[in-house]
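Take a walk through this fold, from the overall layout down to single residues. Keep the sequence and the model side by side.

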Amino acid sequence: MALPTAFAQSNSNGGPPSRWFETDRLNAGLPPPTGVDLLRETPQSALETFLMLGRDKRYADAAHLLDLTDIDLADQERIGFERAAQLYAVLDRKIWIDWSALPDRPDALDPRGSSRDASAGEAQRDLSLGQLALDYRPVSLRLRRIKETGGDPVWVFSRQTVGNIEGLYEAYGPSRFERWLPESLKQNTPFGVAVWEMAALPIAIVLLIAVFLTVYRGLRSFQSRTDRSVVAELLDAIALPAASMLTGVIGWLLTRYLFVFSAPVDVFMTPLWTMFLVLALIFLFVRIFDTMLDRVFASKIDDISKPENEGDRELQTNLSAARRIALLVLAVAGFGIVLLQTNVFDGMAVALLGSAGLLTLVIGFAARSALSSIMSSLQIALSKSAKIGDDVLFEGYWCTVERINFTFIQLRSWDRRRIIVPVDYFVSHPFENWTKQDATITKYVELRLNHLADLEPMRERFQQFVEEDADILTKNEAKVQVVGHEATGMLVRFYADARDPTTGWNMQCRLREAMLTAAAELEPKRGDEALYLPAEREAKIIDLTDGG
């Protein structure tokens, strides 16, 4: 909808926009100010004048700092008084004013503005002091430069702001509790906050600590009395985060409807409560999700790593990846909610953004390692290069993947040690996944035999072992091959397949024992020429077999 002619945005020649809005008469229904010189030439002086008059409760004079054009002339004096009082209360309670960013020039030009700012070096006629939520929509508190016909341009609160004052006062004005307090407790202290606020803060903290302890102990007590294991595990998981979240909700309600603190306190209280609630919600989600995972995958990691449990490994890995992705989304969303609820950014956004370049570099450099780990964790989750329960060979360690976290991977070695590997290091180094596609593995035993050894008896003993061992998967593919020779003897390998690495390891150990026993039994007695084992091993084998 176009602005009325009283607020034309361009001059009569159709040129560029003027440096003020024009009107025939400004606040014609207000009586002249009494004993005060209204300084309204710059945005800073206009706001200072309004706040000074508000502190002195001279709301009739403060009404001259409002644009009451939309109010009938007959009602401007009465309504102007009310709106000035209400606006002062809202500003005092909810708006943090960054005076260094508020121009003190009639044209509101900011000589410090960045060249990348579209409005840098240009005169302004409309400025925002901050935003507040009203009926689920953002409402700006704005100053406008208006020139009355025949007068000088002045800065006042805009018509739109005046129209929203009543609703903002209902949402952010004094609570019933504060209205009930005597005037002596409403006076400001040297710290810029009211006397009652100084007393209410420790009372609220003690009350919230009591709520937290009551809820936490109540959940723990109920957990100890319940006979259902599922309920007990769930209560154990949510006791701390649930108590924290309920405490945060009660604290938010207290500061929203009972103890409505002024801007110096609220500008830090609101983001702190929001951050506390977000962290408690994330903590609650993590505990509940982890408890559900523990219940769904109650089987041991040894059972999950079996080939027939490939579907369980896939599902557990997918749920673990979903957990990490959900945590990342919650963290980003929570950070955005905290910023939206932080009123300090409304009044100081330009200053903060303008000075945040170096801080951003420092934080980015410090968080580089953490971000790299998070991305590496997501890379594993999406590529499925290693799943929970997979058997891997990593830097000489034969391990089973037990857990994949944001920053590290937990591996369990064959001797039940836990190896903690940074996830980015794990991703950036090669490893063998023995169960990536097929858990079947070929194992072999290598023996050094005499050049004159007859391999047929050894093949017979090997085939006998293959037929009798239940862990050998494809018995017709087991074979014996001479893979090399040296001056001391020939290298003979005995190959056999197993269904998975663990089974293959145990089968390999039994095969080695059987083949060594066979070679020792086929060896001629003492004094005869060695035909199977090399000479340097003959004495040891004979000593063992003869007991000498």
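Helices (H or I, at least four residues) and strands (E, at least two) are DSSP runs, numbered from the N terminus. By that count, the protein chain has 18 helices and 12 strands. This is a predicted model: local features need pLDDT of at least 70, side-chain atom pairs count only at pLDDT 80 or more, and totals for chains, interfaces and linings use all residues. Residues are numbered from 1 along each chain as its sequence is written, and side-chain values use heavy atoms, with hydrogens and water left out.

Start with the chain as a whole. Of its 548 residues, 43% are buried. Buried means under 20% relative accessible area, exposed means over 50%, and partly exposed lies in between (1.4 Å probe, protein chains only). A contact means heavy atoms within 4.5 Å. Among contacts with a separation of 6 or more, 65% join residues 24 or more positions apart.

Now look at one helix pair. Helix α3 (residues 76–94) packs against helix α4 (residues 159–172) at about 55°, with axes 9 Å apart. Axes are lines fitted to C-alpha atoms, for helices over the stretch in contact, and angles run from 0 to 180 degrees between N-to-C directions. The contact uses residues of α3 including Arg83 and Leu87, and residues of α4 including Ile165 and Tyr169. By class, it has eight nonpolar, one polar and four charged residues. Here Ala, Val, Leu, Ile, Met, Phe, Trp, Tyr, Cys and Pro count as nonpolar, Asp, Glu, Lys and Arg as charged, and the others, Gly among them, as polar.

Move on to a second pair. Helix α16 (residues 455–468) and helix α17 (residues 501–522) pack at about 145°, with axes 10 Å apart. Residues in α16, among them Phe462 and Phe465, meet residues in α17, among them Leu511 and Met515. This contact has 11 nonpolar, no polar and three charged residues.

Two backbone spots deserve a look. Ala108 has a positive phi near 55°, yet is not glycine. Ala108 sits in the loop between α3 and β2 (126–134). Ala108 is buried, at 3% relative accessible area. Glu395 also is not a glycine, and its phi is positive, about 50°. Glu395 lies in the loop between β5 (391–394) and β6 (397–404). At 45% relative accessibility, Glu395 is partly exposed.

Finish with the cysteines. How many disulfides does a search of the whole structure find? It finds zero, a disulfide being a pair of cysteine sulfur atoms within 2.5 Å. Cys399 is buried, at 1% relative accessible area. Cys509 is partly exposed, at 30%.
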